[in-house]
Every structure is written in structure tokens, then in C-alpha cells.
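Welcome! Let us take a friendly walk through this structure, one part at a time.

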Amino acid sequence: MTASIDTRAGTVGGTGGGTPPGARTPIIEVRGLVKRFGDTVVHDGLDLEVYRDEVLSIVGGSGTGKTVLLRQIVGLERPTAGTIRLFGEDLASLDPARLQWMRNRWGMQFQRGALFSSLSVIDNIALPLRELRCLPDNLICEASLLKLELVGLSARDADKMPADLSGGMIKRVALARALALEPELVFLDEPTAGLDPMASDDYVALIRELRRELKLTVVMVTHDLDTLVALSDRVAVLADRKVLAALPIPQLVKIDHPFIREYFLGERGQRALSALSTQSAGANPASDVAAVARHAGES
Ligand SMILES: Nc1ncnc2c1ncn2[C@@H]1O[C@H](COP(=O)(O)OP(=O)(O)OP(=O)(O)O)[C@@H](O)[C@H]1O
Ligand SMILES: [Mg+2]
């Protein structure tokens, strides 16, 4: 295996593919990010770019700062140092009104759903629209019902309370709320954690469909290898307080780093990679990913 580490963007596959990233402008650009909580240094010189129309997944051990990174990118947490540009604008230079306007361009599905337990499903989804204060309530309800259907739930679920929902339904309602303002960019923090394999597969199919229909750019944090392999154009690995590399999986798994070895080339990783190699080997039996999966199986 080669041991080179690439912290720059790799070639992007999927719908975002074709054009080398160097030739495109990123819609998210993180440079030299430092984040400290007291003596705890979470990020130290972290760089990352995200390009329009791609699904970029972020992986890393528990506590490596994946959620904190998302929270800084969406302006919920302030970096200690470094810059974050979203859609070409430096977050730190935005006044509150401009930041609020910018926030309408993205949606976030939080790690634990973060639904308001005292609000019904429909009121949770309607919240971002109500906060805008520019639509009459009947239109807000109509738009919220459409979002509910978009994520595969029905009007029958609208008046349920969060406590009455299954884990899979909570994820879908949280996604519907993230999509309420018709964003071009969505952040998903552990969207399939805690779901059984079937619910997880359904969620992956839903994201694929939404991505195709709504032309979404997706930034996703996930521990789930199957979700990662099924959806990602590129995967950014968070380790040693930085983004170690952000590359398509076939290139990423060639990097010789303990986290990458353990995560991708362990038993579960091999299983997920062989699914990927089956897809790509159909097109090219000598493909990188087929070779890596074979190598992983042999070692
Ligand atoms: N508000 C805060 N104050 C102090 N420390 C914090 C705060 N928020 C996060 N941290 C710390 O930052 C580190 C990174 O946390 P974060 O939640 O980003 O991890 P993660 O990679 O998302 O983990 P997981 O995979 O378990 O969700 C942890 O050590 C956490 O305790
Ligand atoms: Mg987290």
C-alpha cells in the first residue's frame, strides 16, 4: 500500500464527478481551523472543501470533533482560529441579519434528532418557516405536509408527538425539518445511527432520491460503513485533529494510517468494501476498489 496522505480534495465521483475539484469553486471552504474548549484542542489546522452536488462524508473516532466541525460550519459554534467560507462568504464577517439569511440556504439534521418534544410532528417541521414570519399559516401547514410526504411519511403522522415516533420516523421528521426551507445544502449528523439495517437501507434510498430530485449537496457524519459506501462521493477522515484526507473511498483506503486500516480494512470494512467492489468490478474487474477489497481479504 502507498503511504501518501492527501489533505486536498480528491477527484469527485457521483453526480459531482467529471470536473476535477481544482477547476471548481468549493461551496464550503475551511482553512486552518483551530477549535479549543479550555485545554482541550479539538481541531488544530483543519482544512476542508466541499463542492456543489457532492455527498461528502466525515468519519473519525468518537470524540474527534465531527459534530463540533459541523456546528462551526453552520455558525452554531465559533472557531478559535481559522476561516470558514460558505458560498464564498466568510462566516466571521457576516452581520447577524446576513447570517440569518445565509442559514436559509442550508438545513441540518442533528445527531439526536433535536425535535421539540412539546411540538407535534407538523409543528416541528413548520418551525423554520414560522420563524421566517413571511408566510400565512395555512401555506406553512401545506408546505410542511409536503415535506412530510417527501420524506416518506403521511398526513396521518402530522399530529403525532415526538415521543410516539419510532427511531426511523424521528430521523425522517428531523430530515423534513432540515428540508423545510428548501435548502441547497444539508448537513446530516449520524442520520442512520440506531436504525435497524432495513430502516437504514430505506433512509439511504431516500437520501439518494432526494439528492437526485432536489440537487442537494450533502455533508454527512456517519459511523455506518454501509451508509458511507452507498452514498459518498468522497470521504473526509478526521484524525490527529485535522482532516487527514478527503478522497473517494478507493483512493482513501490506500493510505497507510491506523484509523483507515482499522476502519476500512477490519471485518466490517471488508464487507462494505466488497459491496462496493462488486458494483465497480462489474464495470472494471481490475478497478482500484476491487483490488483493495481483495488485498484486505488476503491480509
Ligand atoms: N460545548 C462544549 N464544551 C466543551 N467541550 C466540548 C463542547 N462540545 C464538544 N466538546 C468536546 O469536543 C470533543 C469533540 O466532540 P464532538 O461531539 O464533536 O465529537 P464527535 O466526533 O461528534 O463524537 P461522536 O462520534 O461520539 O458523535 C469532545 O471531547 C467533546 O467533549
Ligand atoms: Mg457527534
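In which hand of crossing does helix 3 pass helix 4? The crossing is right-handed. Please keep in mind along the way that this is a predicted model.

**Two helices that pack together**

Helix 3 covers residues 121–132 and helix 4 covers residues 137–150. The two pack at an angle of about 120°, and their axes are 9 Å apart. Helix 3 and helix 4 are therefore oblique to each other. On the side of helix 3, the residues that meet helix 4 are V121, I122, I125, A126, L129 and R130. Helix 4 answers with I140, C141, A143, S144, L145, K147 and L148. By class, this contact between helix 3 and helix 4 has 10 nonpolar residues, one polar residue and two charged ones.

Next comes an open sheet of four strands, with the order 2-1-4-5 and antiparallel pairing. Strand 2 and strand 5 (89–90) stand at the edges with a single partner strand each, so one side of each has no neighbour in the sheet. The table lists the pairs in this sheet.

| Strand pair | Sense | Bridges |
|---|---|---|
| Strand 1 and strand 2 | antiparallel | eight bridges |
| Strand 1 and strand 4 | antiparallel | five bridges |
| Strand 4 and strand 5 | antiparallel | two bridges |

You can follow these pairings residue by residue. E29 has E49 in strand 2 as its bridge partner. V30 stands opposite I84 in strand 4, and R85 stands opposite D90 in strand 5. Where strand 4 and strand 5 form a hairpin, two residues lie between the strands. In this hairpin, F87 takes a positive phi near 50°.

Which strands does helix 1 lie across? Helix 1 lies across strand 1, strand 2 and strand 4 (81–86), and runs at about 120° to strand 1.

**The surroundings of ligand 1**

Helix 1 also has a part in the shell around the ligand. Ligand 1 is surrounded by F37, T40, V42, G60, S62, G63, T64, G65, K66, T67, V68 and Q111. The elements that give two or more residues to this shell are strand 2 (40–50) and helix 1 (66–73). Helix 1 gives the most, with three residues. What classes of residue make up the shell around ligand 1? The shell has three nonpolar, eight polar and one charged residues.

One residue to look for is S57, whose bridge partner in strand 8 is M220.

Technical notes. Residues numbered from 1 in each chain as written. Chains lettered and ligands numbered in written order. Predicted model: local features only at pLDDT ≥ 70, side-chain atom pairs only at ≥ 80, totals over all residues. Near = placed C-beta within 6 Å. Nonpolar A, V, L, I, M, F, W, Y, C, P; charged D, E, K, R; others polar. Axes fitted to C-alpha atoms, helices over the stretch in contact; angles between N-to-C directions. Parallel < 35°, antiparallel > 145°, perpendicular 65-115°, else oblique. Left-handed = near helix turned anticlockwise from the far one by under 90°. Contact = placed C-beta atoms within 7 Å. Pairing = 2+ DSSP bridges.
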